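Dear colleague,

Please find the structure below, handed over for your own work. My notes on what was found in it follow directly after.

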Amino acid sequence: MANLKELRNRITSVSSTMQITSAMKMVSAAKLNKAQMAITAMRPYADKLTELLQSLSASLEGDSGSAYAEQREVNKVLVVAIASNRGLAGAFNTNIVKAVRDLYENEYSGKQVDFVTVGKKVNDVVSKTHTIVANKSEVFDDLTFANVANIAEELMQLFTSGSYDKIVIVYNKFRNAATQDVTTEQFLPIVPVENATASNIDYIFEPAKEEIVEQLIPKSLKTQLYKAIRDSFASEHGARMTAMHKATDNATELRDALKLSYNKARQAAITNEILEIVGGAEALNN
């Protein structure tokens with residue numbers, strides 16, 4: 001059994017760790033509240049924009065001719081991997097690494113797969129084995145639509161120039177503080193709408209319907225990427241809050257167990273001392 005000094009040092013160390021994890025949990029909870037409100041407020045807009053674009057596209061006769069909808073033989077794939085700049089978030093970053101590894105080892109096996117990373121943690125892992133076209137981890141320092149729109153424009157340029165035949169996004173989709181779903185979405189080319197039918201409502205379009213679609217597509221793509229990063233940002237704080245909550249609970253249990261061991265060892269030491277004193281007194285009497 002460890003001596004009393006060792007037990008005291010361990011109790012002090014665990015208590016300090018518990019204070020740190022508890023503080024990190026509260027910080028993440030505050031940040032999660034703000035991030036959750038942002039993604040919750042944005043989703044209806046993003047969904048409605050996509051619905052509007054799909055409705056207009058379905059009403060067009062044949063292909064709208066958009067450069068963003070061009071279907072090619074897939075030989076070169078660009079994966080946009082979205083994670084975080086910091087750890088201590090449970091399996092948040094690890095799940096993204098596993099997802100992108102599954103993509104290039106299975107679904108896109110034998111094809112050229114390059115990466116755009118958003119988050120230092122995923123960049124550190126992927127850069128060891130694959131080509132990183134760009135590292136956009138700094139976007140989390142100032143997460144605004146304008147900054148994300150610049151990234152989306154770069155991705156659109158890479159696709160329209162023919163540098164890549166397909167672009168996909170991998171990120172954690174926020175459900176609640178304890179649950180995040182690893183999601184893979186096709187960014188480009190635009191996914192055709194299945195079973196889409198034109199609206200029965202007779203609209204008057206100004207300017208032409210085709211021109212409206214061409215203006216909406218870039219805006220929709222920018223919104224799609226911004227929503228994915230916002231989802232990941234909220235998921236990160238949810239995962240970290242949950243991880244720090246579990247870590248605090250574990251530290252509390254360990255501290256209590258150590259205190260019990262310490263009290264037992266201290267009691268045993270006191271008992272031994274009493275026995276030694278009594279034994280010495282008996283020896284003197286004899």
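Both D165 and R72 are buried, meaning under 20% relative accessible area, where exposed is over 50% and partly exposed lies in between (1.4 Å probe, protein chains only). Please note that this is a predicted model, in which local features need pLDDT of at least 70 and side-chain atom pairs count only at pLDDT 80 or more, while totals for chains, interfaces and linings use all residues. Residues are numbered from 1 along each chain as its sequence is written, and side-chain values use heavy atoms, with hydrogens and water left out.

**Salt bridges**

The side chains of D165 and R72 meet in a salt bridge (3.9 Å, N to O), that is, a side-chain nitrogen of Lys or Arg within 4 Å of a carboxyl oxygen of Asp or Glu. This pair links distant parts of the chain, 93 residues apart: D165 is in the loop between α4 and β4, and R72 is in the loop between α1 and β1. Helices (H or I, at least four residues) and strands (E, at least two) are DSSP runs, numbered from the N terminus. Together with E70, residues R72 and D165 are linked in a network of salt bridges.

The whole structure holds 8 salt bridges. Among them is the pair R175 and D181 (3.6 Å, N to O); R175 is exposed, at 53% relative accessible area, whereas D181 is partly exposed, at 29%.

**Helix α4**

**Nonpolar core**

The largest nonpolar core has 41 residues, of which I82, L155, F187 and L225 touch the most other members. Such a core is a set of buried Ala, Val, Leu, Ile, Met, Phe, Trp, Tyr and Cys residues joined through side-chain atoms within 4.5 Å. The greatest contribution to this core comes from α5, with 12 residues.

Yours sincerely
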